[in-house]
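Dear colleague,

Please find the structure below, followed by a short account of what was found in it. I would be grateful if you would read the two together.

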Amino acid sequence: MNVTALLAALQAQHDETTARAVGLRDQIEHLTAALAETEARLADLATTAKVIAELAPAGGEPDPPETNTAYQAIVNVFNQHPDQVFRARELHELLDMPTDEASVNITRSRLGRLTRQGFLTQPGRGRYQKRT
């Protein structure tokens, strides 16, 4: 095999590998977007369930056993420390939650939702405090 043929074969492999990498990046982008949408939907469903439970007439059906969701844990921290400012990672450390980047990003999303709902304020970038 001569050098020209060898270089052509290497270039063909390079082109195939580049195309595969582009395809994989597209899949990652699509899956990341789908995951974000699904997590947002889960957060909406949790909030809806909480609002309905709060608005349900008393004395009807017995309340289901209380579960400590991530939202409830976050709200509890802010209620216990109304004047303190927290970052998402600090909340994870305080609540003994995993501190990997994916988990902290989910909490950032939850904090953003609580801010949009008017429960929290954002006194600085990435910092959250209970609205007084």
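**Findings**

Leu6 counts as partly exposed, at 44% relative accessibility (buried means under 20% relative accessible area, exposed over 50%, partly exposed in between, with a 1.4 Å probe and protein chains only). This is a predicted model, in which local features need pLDDT of at least 70 and side-chain atom pairs count only at pLDDT 80 or more, while totals for chains, interfaces and linings use all residues. Residues are numbered from 1 along each chain as its sequence is written, and side-chain values use heavy atoms, with hydrogens and water left out.

Leu6 is found in helix H1, residues 3–55 (helices are DSSP runs of H or I, at least four residues, numbered from the N terminus). H1 has 53 residues and spans 78 Å from its first C-alpha to its last, close to the 78 Å expected at 1.5 Å a residue (1.5 Å times one less than the number of residues).

Thr47 is buried, with a relative accessible area of 17%, and touches Arg113 and Gln117, not counting residues up to four places away in sequence (contact means heavy atoms within 4.5 Å).

Thr107 belongs to helix H4, residues 101–116. Thr107 is buried because its relative accessible area is 1%. With residues up to four places away in sequence not counted, Thr107 touches Ile74, Ala88, His92 and Met97.

Terms used
Helix = DSSP H or I, 4+ residues; strand = E, 2+ residues; numbered from the N terminus.
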